[in-house]
Amino acid sequence: MQISPSILSADFANLQSELDAISNADWAHVDVMDNHFVPNLTLGLPVVEALLKVSPIPIDCHLMIEDPDRWAPAFAEAGAQSVTFHVEAARDPRTLARTLRSAGARAGLAIKPGTPWAPYADLLPDLDMVLVMTVEPGFGGQSFMADQMSKVAEVRAAVARHGGEVWIQVDGGVSATTIEQCAEAGADVFVAGSAVYGADSAATAIDELRALATK
Ligand code: DX5
Ligand code: ZN
C-alpha cells in the first residue's frame, strides 16, 4: 500500500516546502497537463527537473498530455522515478512503456473513466503500473467515481493472471471516505490531492489514509 499525494493541490509558490510536508508519503504525484489532452495547464519538464533536485521522496509523474510518445521519455531521462502516460493519447503504448523502462523509470499506463481496460490487457508485461482514473482528468477536488471500482477489480484480476508485479493506482476523489473501497477492489497505490493538502496536517492525513488502506 503506497500513498502518492498530488501536489496539484499544494501551494505552487512554495513547492519545496510542500514536498517536505509530505515526506512520510511513498511518492509525490506530479500532474503535468498541456491544455490539449485536458482543459487545464499546470507545469512541465523544467519544473519537474527542479522538483527532482529537492524532493525527499520519489516523483510519480502523471502526464495528461497529447503525444506522450514524443514527450514522456524526457521525464524519465530527467530522473523521474515513475512516468505514467494516457493510453488514449499514445500512438504506440508498448514501445513507449519499454522506452520509459530503459530510461530507468517505472512505466505507468493511465486510463480515463470512459476507456475500457480489456483492449490493453496484453500490455501488462511491459508495465509497472496501471492508473485507473476515478475522475475525469484535469482538475483536483472532483467527486470520486465509484463505478470505476469494477475496472480496478478487472485490472487486479488481469495482473493476477499475468503473475508479474504491476501496481494499480487510483487517482481522483480519493479520501478517508473512499480509500477503503479502492483497496478492497484491488488498488495498491493511492493518489490524493485535496484530501492531503486540504487537511490541517498533510503528514497526519497521509498516515490516516495509509491506515485505512491497510485495514
Ligand atoms: C486530476 C489529477 C489528480 C488530482 C487529484 O486530473 O490527475 O491527480 O490532483 O485531486 P483530488 O485528490 O483532489 O481529486
Ligand atoms: Zn494525477
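This is a predicted model: local features need pLDDT of at least 70, side-chain atom pairs count only at pLDDT 80 or more; totals for chains, interfaces and linings use all residues.
Me: How do you know that the length of helix α5 fits its number of residues?

Reply: Take the 14 residues of α5, 149-162: at 1.5 Å a residue they should span 20 Å, and the end C-alpha atoms are 20 Å apart, so the two agree.

Me: What makes a residue of α5 buried, and which ones are?

Reply: The cut-off is 20 or more other C-beta atoms within 10 Å of the residue's own. Met149, Lys151, Val152, Val155 and Val159 are the buried residues of α5. They cover an arc of only 155° around the axis, which puts them on the same side of the helix. Behind this is a handy rule: an α-helix has 3.6 residues a turn, so residues three or four places apart point the same way. Among the elements that cover these buried residues are β6 (129-133), β7 (167-171) and α6 (179-185).

Me: And which exposed residues sit on the face of α5 turned away from the buried side?

Reply: That face carries Ser150, Ala160 and Arg161.

Me: What makes us say that both faces of strand β8 are covered?

Reply: Val189 and Val191 on one side of β8 are buried, and so are Phe190 and Ala192 on the other.

Me: Why are β1 and β7 each called partners of β8?

Reply: Pairing needs at least two bridges. There are 4 between β1 and β8 and 3 between β7 and β8, so both pairs qualify. Each pair runs parallel. Val189 of β8 is the bridge partner of Gln2, and Gln169 stands opposite Val189 as well.

Definitions and conventions: Residues are numbered from 1 along each chain as its sequence is written. Chains are lettered from A and ligands numbered from 1 in the order in which they are written. Helices (H or I, at least four residues) and strands (E, at least two) are DSSP runs, numbered from the N terminus. The expected span of a helix is 1.5 Å times one less than its number of residues. A residue is buried if 20 or more other C-beta atoms lie within 10 Å of its own, exposed if 12 or fewer, and partly exposed in between; C-beta atoms are placed from the backbone. The arc is that of the directions from the helix axis to the C-beta atoms. Two residues are in contact if their C-beta atoms, placed from the backbone, lie within 7 Å.
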